[in-house]
Amino acid sequence: MTPEEIRSRYLEFFKKRGHTIVPSASLVPQNDPTTLFTGSGMQPMIPYLLGKDHPEGTRIADSQKAFRSGDIEEVGDNRHTTFFEMLGNWSLGDYFKKEQLAWCFEFLTDPKEGIGLNPQNLYVTTFIGDEKNDLPRDTESEALWKDLFAGKGITAKSVLIGSEADGYARGMKEGERIFFYDSKKNWWSRAGVPEKMPVGEPGGPDSEVFYDFKTPHDKRFGEHCHPNCDCGRFLEICNSVFMQYLKQPDGSFGLLPKQNVDYGGGLERMVMAQTNSPDIIVVNHRPILDYLEKASGKIYGADEVDTRSFRIVADHMKAAVFLIADGVVPSNADQGYFVRRLIRRAVRHADKLGIANAGFAEIVGPVATMYAAAYPEVRAKADEIRKIIATEEEKFRKTLATGLREFEKHAKSGVVDAFLLFSSYGFPLELTLELAAEKGLRVDETKYKSEMEQHRQESRAGSEQKFKGGLADSHEKTIRLHTAHHLLLRALQIVLGE
């Protein structure tokens, strides 16, 4: 099945079960100044999970675009991406564990309405409990999972694991299918584990489903394999969060007045499971890979170094296209910095593949075509996006030419001054690190960060002098708002008159 087919089946499945289907929110959070990007399916739903009434009712489902900037450096292997979609369904004080786990399992295993996974390949985890915070073991989810597997003729044994390290030490035995992990693995709150949660913060146990590719265990990751092992055998494909607790003023946990379900299923990961392919790029970026193969004359998978470059270009360009479609343009600040970083890293790896300058921005085409049905706005803005990417590529090539010459001088001396390359030649740290790694050179990141902080302090001091008159304080946010006020006032005067 294709990503489009799985997305469509999922939304139809939950529509039949009384859910209102809502459109994806923007990748740029509209009313959340605490984060630059929408990085999960539940993020736009936070106000409703905290108690606000949703205008569409108590049962909601969607497919939410998401971007995680923290994964940029991880892209290049067979399972990390920066842009992805989360299939989500929510119960806002309506149904709870019994209905949620049954529907989750039905969608995963039913070949008619769902995606028809073999239940023998599915393993689940749930919350072991937390004695010091008086939080009980989630035996209710355990019992429900046992019944669900039994309905498929599978006897599902449960086992107490604890930490991830405990999993590597113990491994898994024949017939074990339900694994209890600690709060670092099977507890959800925005703050993390229970002890880090502030007063008034909701949270609760969660239950994850893993798909088993049955590949050999790689002992580099630990002595024994288990569902939360990173060796590649198991892939987490979805997670049901049961928000049932609220942190009290005395540090204890009480039940929420309305208990909610927050489910997230990785669309791209479900495609991997449904096609039994452990490569997230090959099954979710195929039209982009086809274009890159044609433009480069190389074949994806034929060479390990080239394959990494194929993956980076495919992922980064898809993410950049969606971010630009949502109004983010390349710049040196905030969201724009990450778009610039994505495009520039993709340019460098496209060069490694031998893709000519004129062909780079044309990657927008296959991305827009892939998502024409689900996100028609991307196709509608394709020409504009192409121009923005081409302009950024041109700028970067000028930086790259001078920066590479300077980098080679540094390389010959054996000392790479990352801050000098950045401040004088606009060479980003991540590119310096990548080039240095290729040549076996070390970059002093601590020195870079120290010099960068000093640079920021000096810039801030200069801003404070410039804006001293009339401001309540000289904080960066105040200065930015004050400047925005002047720009807005002048714009209004130009359009509407004095």
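Apart from neighbours within four places in sequence, aspartate 279 is in contact (heavy atoms within 4.5 Å) with Asn78, Met272, Tyr300 and Arg311. The model is predicted, so local features need pLDDT of at least 70 and side-chain atom pairs count only at pLDDT 80 or more, whereas totals for chains, interfaces and linings use all residues. Residues are numbered from 1 along each chain as its sequence is written, and side-chain values use heavy atoms, with hydrogens and water left out.

Aspartate 279 lies in the loop between α7 (267–274) and α8 (280–284); helices (H or I, at least four residues) and strands (E, at least two) are DSSP runs, numbered from the N terminus. The relative accessible area of aspartate 279 is 12%, and the residue is therefore buried (under 20% relative accessible area, with exposed over 50% and partly exposed in between; 1.4 Å probe, protein chains only). Its side chain makes a polar contact with the side chain of arginine 311 at 3.2 Å. A polar contact is a pair of N or O atoms within 3.5 Å; within protein, one must be able to donate a hydrogen and the other to accept it, and residues adjacent in sequence count only if both atoms are side-chain atoms.

Strand β2 (residues 59–67) is largely enclosed by the rest of the structure, because eight of its nine residues are buried. Strand β1 (residues 20–21) pairs with β2 in the parallel sense over two bridges, pairing being assigned if DSSP finds at least two bridges between two strands. Threonine 20 has isoleucine 60 in β2 as its bridge partner. Strand β3 (residues 83–92) runs antiparallel to β2 and is joined to it by nine bridges; phenylalanine 83 in β3 stands opposite phenylalanine 67.

Helix α10 (residues 304–325) and helix α15 (residues 382–413) cross at roughly 115°, their axes coming within 10 Å. Axes are lines fitted to C-alpha atoms, for helices over the stretch in contact, and angles run from 0 to 180 degrees between N-to-C directions. On the α10 side Met317, Val321, Ile324 and Ala325 meet Ile385, Ile388 and Ile389 in α15. The residues of this contact comprise seven nonpolar, no polar and no charged (Ala, Val, Leu, Ile, Met, Phe, Trp, Tyr, Cys and Pro count as nonpolar, Asp, Glu, Lys and Arg as charged, and the others, Gly among them, as polar).

Helix α11 (residues 334–353) packs with α10 at an angle of about 145°, with the axes 8 Å apart. The contact of α10 with α11 has 14 nonpolar, three polar and four charged residues.
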